[in-house]
Amino acid sequence: MATHSYSLLPSSSSSSIHGHNHQRLNFSSYIAKRVLPAKVSFHSRRNYHLNLALMQDVAVATPATPVENETPFKKLRGGFLSSVPSTQELKEAASFDVNKDESTVSITVVGASGDLAKKKIFPALFALYYEGCLPKHFTIFGYARSKMTDAELRNMVSKTLACRIDKRENCDEKIDQFLKRCFYHSGQYDSQENFAELDKKLKEHEVMGVWECLAKFSFPSVVMWIGGLSDKNITSDYWSQMDTALLLSEDIPSTFRNEKQRLQCMKELNVQGGRVSNRLFYLSIPPNIFIDAVKCTSSSASSGLGWTRVIVEKPFGRDSDSSAALTKALKQYLEEDQIFRIDHYLGKELVENLSVLRFSNLIFEPLWSRQYIRNVQLIFSEDFGTEGRGGYFDNYGILRDIMQNHLLQILALFAMETPVSLEAEDIRNEKVKVLRSMRPLQLEDVVVGQYKSHTKGGVTYPAYTDDNTVPKGSLTPTFAAAALFIDNARWDGVPFLMKAGKALHKKRAEIRVQFRHVPGNLYNQNFETDLDQATNELVIRVQPDEAIDLKINNKVPGLGMRLDHSNLNLHYAERYSKEIPDAYERLLLDAIEGERRLFIRSDELDAAWALFTPVLKELEEKNIIPEYYPYGSRGPVGAHYLAARYNVRWGDIGIEQ
């Protein structure tokens, strides 16, 4: 077989530049045929003799001596030889957004065969694709222990995909296009060999985008540099050497010596800035195998030049010690800015709107303090039990599963001071300050309960311990109410009441802000003895039926003086025709874009666990028996006594909002 030898140096050059040696490699012509698309062609040229030269590491960093009579004039800039561009060309080159437009993003769902992946993660990724929010070049891989083909994964995923209600056009076509980007690899979560195989598959898909640029510049030297892409352990030096050598070669068209043209092609090759590909791993797996998966990801499947980010699902430990151990283990393989601890409640539309409501409306911010707010209630309830998830739930309970993360995160956002900016670190700094200002939760400020069997309408609902996955005699709480306090100037003395439970009468998640009574209210007599009826209340309903209600006092039309409370209502479904995105859509998009404000930082996690760990240990060490409540009820009576101790009545007990 004939062998053609190519070089990035002019044929008259010696084997070294400025005294530095070069390593020459020959490529057989069949390699070019194997790796190049048909539309990339070679042009014959007289005296065409090129040898591929790979500079040694020191060659690129060495200042270059100007070459006489060389046109256009070249200068050394940042260690690289480059043409001198015009001001306009520099402006255009600077406008290229490599990360957003041309980066390759590979998204791997680790634990792809699980319920969370099927019901939430894949549908959220498809919704982002449908909305045009995913990068131009993306690939999705499922990874799990289950044996499955690409076709079987696509069939499984397709059953959970749906288009937005307000955007049904081309739905089937979009689903087909999305599924073509989905692939599967089976492997163990602790096998570096299996993750290395995944890495190989990822590289194969990441390289495909390279040829789009080469088709525009059909000159062999670029082709042969990229030809070894899938076989090389590429480092930043490799791309630096390529950048310099391209400019030294006589084979490069004059247009490519232009700074703008060069940056454009480098951008499309995902080379500019030293980035070839970016990778996002979503760990949709049990917490006991987080570390094994992260270790294998870091050592065997990380991106060579782009970013690698890992989304970690809760729970983040069971207490302060286990959480700190998990964080320490994760940081053995990842930097803090690579770890995205996800709490999907922070992606809820109304939680996102919380800071907007407060900081962009003059009528609220002056009232957001102990001077005007009597208490704040954070309420979470589900109208179903563990439903077969008892094995997982029993190991954590409602305080860890809901209160310590979902509700506490919402509390921190609600109570924080005005951040310096909307940057992630500024917001997270203020949240940490709130958490560190809070008193550790005391046992006397906690009520725990567990649902029991109940018959209603001829239907018998099971008790928590009737679940086959729950140990008999379990004391794990399925309900909890707690009173927390923030010891700072803004919130001193204001009770923050939390209530969360399963198998309650209604599904809801809401924030209720009860304001103080009007001093010397002229109309108290019109409310008789029920002064709570005269209290203004702001209700932020997170789910379902997202809404914001402001309860005010109003005169009932007529000749008499009779007062009533009315709601100023913003009901999202009525006000906005656009369907509200799922929380996972927002959080996945933020992770891809590197936006961290809705993800939990390690010191924030430490502060949160410090509040709950003492009472959790006390509950378990003393074997506190939970108060039993019927399935489908409003929960234990003890929760009402807890609220009454602080002169508070639960806002969801009276008129249903």
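## Basis

The model is predicted: local features need pLDDT of at least 70, side-chain atom pairs count only at pLDDT 80 or more, and totals for chains, interfaces and linings use all residues. Residues are numbered from 1 along each chain as its sequence is written, and side-chain values use heavy atoms, with hydrogens and water left out.

## The chain overall

The chain has 23 helices and 25 strands. Both are DSSP runs numbered from the N terminus: helices are H or I with at least four residues, strands are E with at least two. Of its 657 residues, 53% count as buried. Buried means under 20% relative accessible area, exposed over 50%, and partly exposed in between (1.4 Å probe, protein chains only).

The accessible surface comes to about 30200 Å². Carbon and sulfur atoms hold 50% of that surface. Areas come from the Shrake-Rupley method with a 1.4 Å probe; for residues, only the protein chains shown count as cover. Among contacts with a separation of 6 or more, 77% join residues 24 or more positions apart. Contact means heavy atoms within 4.5 Å.

Seven strands form an open sheet in the order 10-9-8-11-12-13-24, with mixed pairing. Strand 10 (182-186) and strand 24 (599-600) are the edges, each pairing on one side only. Two strands pair if DSSP finds at least two bridges between them.

Strand 12 (residues 308-313) and strand 13 (residues 339-342) are parallel, with four bridges. Val310 has Ile339 of strand 13 as its bridge partner. Helix 5 (residues 115-130) lies across strand 8 (104-110), strand 9 (137-144), strand 11 (278-283) and strand 12. Helix 5 runs at about 165 degrees to strand 8. Axes are lines fitted to C-alpha atoms, for helices over the stretch in contact; angles run from 0 to 180 degrees between N-to-C directions.

Strand 14 (residues 373-381) and strand 20 (residues 508-515) pair antiparallel over eight bridges. Asn375 stands opposite Gln514 in strand 20.

Strand 21 and strand 22 are antiparallel, with five bridges. They form a hairpin with three residues between them. Asp545 in the turn has a positive phi of about 50 degrees. Arg541 has Ala547 of strand 22 as its bridge partner. Nine bridges join strand 22 to strand 23, which run antiparallel. Ile548 stands opposite Leu570 in strand 23.

His571 lies in strand 23. His571 counts as buried because its relative accessible area is 19%. Beyond its neighbours within four places in sequence, His571 contacts Arg541, Asp545, Glu546 and Ala547.

## A nonpolar surface patch

Leu475, Ile625 and Tyr628 form a nonpolar surface patch with about 280 Å² of accessible area together. Patches take residues with over 30% relative accessible area and no salt bridge; like charges are joined within 9 Å, nonpolar side chains (Val, Leu, Ile, Met, Phe, Trp, Tyr) within 5 Å. A salt bridge is a side-chain nitrogen of Lys or Arg within 4 Å of a carboxyl oxygen of Asp or Glu.

Leu475 sits in the loop between strand 17 (459-461) and strand 18 (479-484). Leu475 counts as partly exposed, at 30% relative accessibility.
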